[in-house]
Amino acid sequence: MSTITLYRHALSGHSHRVEAFFSILALSTDIVIVVLAKAAHKQADYLQKNRFGQVPVIEDGSATLSDSNAILVYLASKYDAQGNWLPQDATEAAAVHRFLSVAAGKIAYGPAAARLVNVFGAALDHGNAINTAHAILAELDAHLEGRNWLATEHATIADIANYAYIAHAPEGDVSLQDYANVRAWLTRIEQLPGFVP
């Protein structure tokens, strides 16, 4: 198996979800650090890899892929022989994709956006992001009542996709104190074999 190249930034939750999944799948990876502060992601050579100028990007043989959720789908489809991380059952697969949408929607506009303000100085409405974060965290906490994982009876890429920005929500002034089910779910993810913080 050839080594896959991952272009990432250390503080990017989108990068982390891909890097964590690489480790969980025990895939050989070369990591290339993209220095966002020097606008490396906006240079012509990088824009050829991802026209949107975002991290992460992977190169796997002749395939160059961007968008962290799309990369998770690709890795699960290509490298998870058991089909656990992205189930083949239509109902379970739909449940996984539902939570990939949550990661790209309410999580991105809530805890991720709140963290962007504090960590990167993003010019976003911090108060609105915090309110959005608490709304989705309350929904997820209720969803996780009596459940171990977001989408199915076992961990899937849905859990990996939602982990980083929820785990780091306090960096955006979003406390997780009131969400016991969410905190227990984060701990379960952190205990997965191969998980990297």
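What volume does the second largest pocket have? In this predicted model, the second largest pocket comes out at about 240 Å³. Helix H1 (13-24) and helix H7 (157-167) each put at least two residues into the lining, and H1 gives the largest share, with four residues.

Next, find Ser 68, which sits in helix H3 (residues 68-79). Is Ser 68 buried or exposed? Its relative accessibility is 3%, and the cut-off for buried is under 20%, so Ser 68 counts as buried. Skipping its neighbours within four places in sequence, Ser 68 is in contact with His 14, Arg 17, Val 18 and Pro 56.

Now for the inside. In soluble globular proteins, nonpolar side chains tend to be buried together. Here, the largest nonpolar core has 57 residues, and Phe 21, Leu 75 and Trp 85 touch the most other members. Strand E1 (4-8) gives two or more residues to this core, and so do H1, H3, helix H4 (90-104), helix H5 (106-120), helix H6 (126-143), H7 and helix H8 (180-190). H7 supplies the largest share, eight residues.

Pick out Trp 85 and look around. Leaving aside neighbours within four places in sequence, its contacts include Phe 21, Ile 24, Leu 25, Ala 76, Ile 157 and Leu 192.

Key
Residues are numbered from 1 along each chain as its sequence is written. This is a predicted model: local features need pLDDT of at least 70, side-chain atom pairs count only at pLDDT 80 or more; totals for chains, interfaces and linings use all residues. Side-chain values use heavy atoms; hydrogens and water are left out. On a 1 Å grid over the protein atoms alone, a cavity is a set of points where a 1.4 Å probe fits but cannot get out, and a pocket is an open set with protein on both sides within 12 Å along at least five of seven lines; lining residues have an atom within 4 Å of a point. Grid points are joined across faces, edges and corners, and a volume is the space filled by probe spheres set on the points. Buried means under 20% relative accessible area, exposed over 50%, partly exposed in between (1.4 Å probe, protein chains only). Contact means heavy atoms within 4.5 Å. A nonpolar core is a set of buried Ala, Val, Leu, Ile, Met, Phe, Trp, Tyr and Cys residues joined through side-chain atoms within 4.5 Å.
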